[in-house]
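Trainee: Please take one part of this model and look at it closely. I want to see what surrounds it and how it connects to the rest.

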Amino acid sequence: MRSLAAVGLAALAAGCGGVGARAADEPSVLPVRVATHAQRSGANATAFALGRDRLVTVAHVLDGGRQVSAAGRRGRVLRVDRRLDVAVLAVRGVGTTSARTAAARPGERVTVRVLRSGEARSLPARVRRAITARVRGSGGPVRVRPALELAADVMPGDSGAPVLDGRGHVVGMIFAQAADRDGVAYALDARALGPAR
């Protein structure tokens, strides 16, 4: 999970509840592990199903990694978009429901589907506003992406978790938590996932 500090009204500089039952049309969530050369589990994130054998997660979890797995199954990276911080993975035997995306409204109550102790849970959240996120990672270029600022308590490892509206449609994907404020998280606006799929 990256940490972000707000700079101005809509710019960001990088740094990465309640239990609810899953509705039938909500995408399933799975743990992602990326092994590095030095360790078996160098980085952890969350992924959700785009459809049969396809998952989406954050690209930053791949930094420095060599082997990707989801729910203990070895995966293959199909596409990476560093600007949006999106990675599409192929993992056999996962994902049967295609995720549906929708637009979020400021003030809307949503849930973040996370994994806690190996179980999927729905954390209550609220969309504070839509922003343009400007993210700089480790001295690299500033990358601009459409994002949502959320009132939500997320944790390391929640990057990649889907943000769902009341119908179970994906409105965002968590990519960071605020470095300077508690209870604030940032999600990629799900409408940007279209080309990445």
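Mentor: What follows is a close look at one strand, its partners and the charged groups around the fold.

The model is predicted, so local features need pLDDT of at least 70 and side-chain atom pairs count only at pLDDT 80 or more, while totals for chains, interfaces and linings use all residues. Residues are numbered from 1 along each chain as its sequence is written, and side-chain values use heavy atoms, with hydrogens and water left out.

Start with strand 5, residues 54-57. Strands here are DSSP runs of E, at least two residues long, and are numbered from the N terminus. Two strands pair if DSSP finds at least two bridges between them. On one side, strand 5 runs antiparallel to strand 4 (residues 43-51), and 3 bridges join them. Within that pairing, Phe48 has Val56 as its bridge partner.

On another side comes strand 8, residues 86-90. It is antiparallel to strand 5, with 4 bridges. Here Val56 has Val88 as its bridge partner. Val88 is also the bridge partner of Arg79. Strands of a sheet pair through backbone hydrogen bonds, either parallel or antiparallel.

Now step back. 6 strands close into a barrel, in the order 3-4-5-8-7-6, with antiparallel pairing. From one strand to the next the twist averages 40 degrees; the axes are lines fitted to C-alpha atoms, and angles run from 0 to 180 degrees between N-to-C directions.

Return to strand 5 and take Thr57, which is found there. Thr57 counts as buried because its relative accessibility is 0%. Buried means under 20% relative accessible area, exposed means over 50%, and partly exposed lies in between (1.4 Å probe, protein chains only). Contact means heavy atoms within 4.5 Å. Not counting residues up to four places away in sequence, Thr57 touches residues including Val32, Ala45, Asp85, Val86, Ser159 and Met173. Thr57 and Val88 are 31 residues apart in sequence, yet 6.6 Å apart in space, C-alpha to C-alpha.

Asp85 deserves a stop. It lies in the loop between strand 7 and strand 8. Asp85 is buried but has no salt bridge. A salt bridge needs a side-chain nitrogen of Lys or Arg within 4 Å of a carboxyl oxygen of Asp or Glu. Arg145 is the nearest side chain of opposite charge, 4.1 Å away; Lys and Arg count as positive and Asp and Glu as negative, while His and the chain ends are not counted. Beyond four places in sequence, Asp85 touches Thr57, Val58, Ala59, His60, Arg145, Met173 and Phe175.

Together with Val32, Phe48, Leu55 and Leu188, Phe175 has the most contacts inside the largest nonpolar core, which has 41 residues. Such a core is a set of buried Ala, Val, Leu, Ile, Met, Phe, Trp, Tyr and Cys residues joined through side-chain atoms within 4.5 Å. Among the elements that give it two or more residues are strands 3, 4, 5 and 8. Apart from this core lies another, of 18 residues, among them Ala102, Val110, Val112 and Leu148.

Charges next. The structure holds 10 salt bridges. One joins Arg113 to Glu26, with the closest N and O atoms 3.9 Å apart. Both Arg113 and Glu26 are buried. Glu149 and Arg181 meet in another, at 3.3 Å, N to O. Glu149 lies in strand 11 (residues 142-151) and Arg181 in the loop between strand 13 and strand 14, so this pair ties together parts 32 residues apart in sequence. Glu149 is buried at 2% relative accessibility, whereas Arg181 is partly exposed at 28%.

Asp189, in strand 14, forms a salt bridge with Arg191, with the closest N and O atoms 2.8 Å apart. Asp189 counts as buried because its relative accessibility is 6%, while Arg191 is exposed at 55%. Salt bridges that share partners also join Arg128, Arg129, Glu149, Asp180 and Arg181 into one network.
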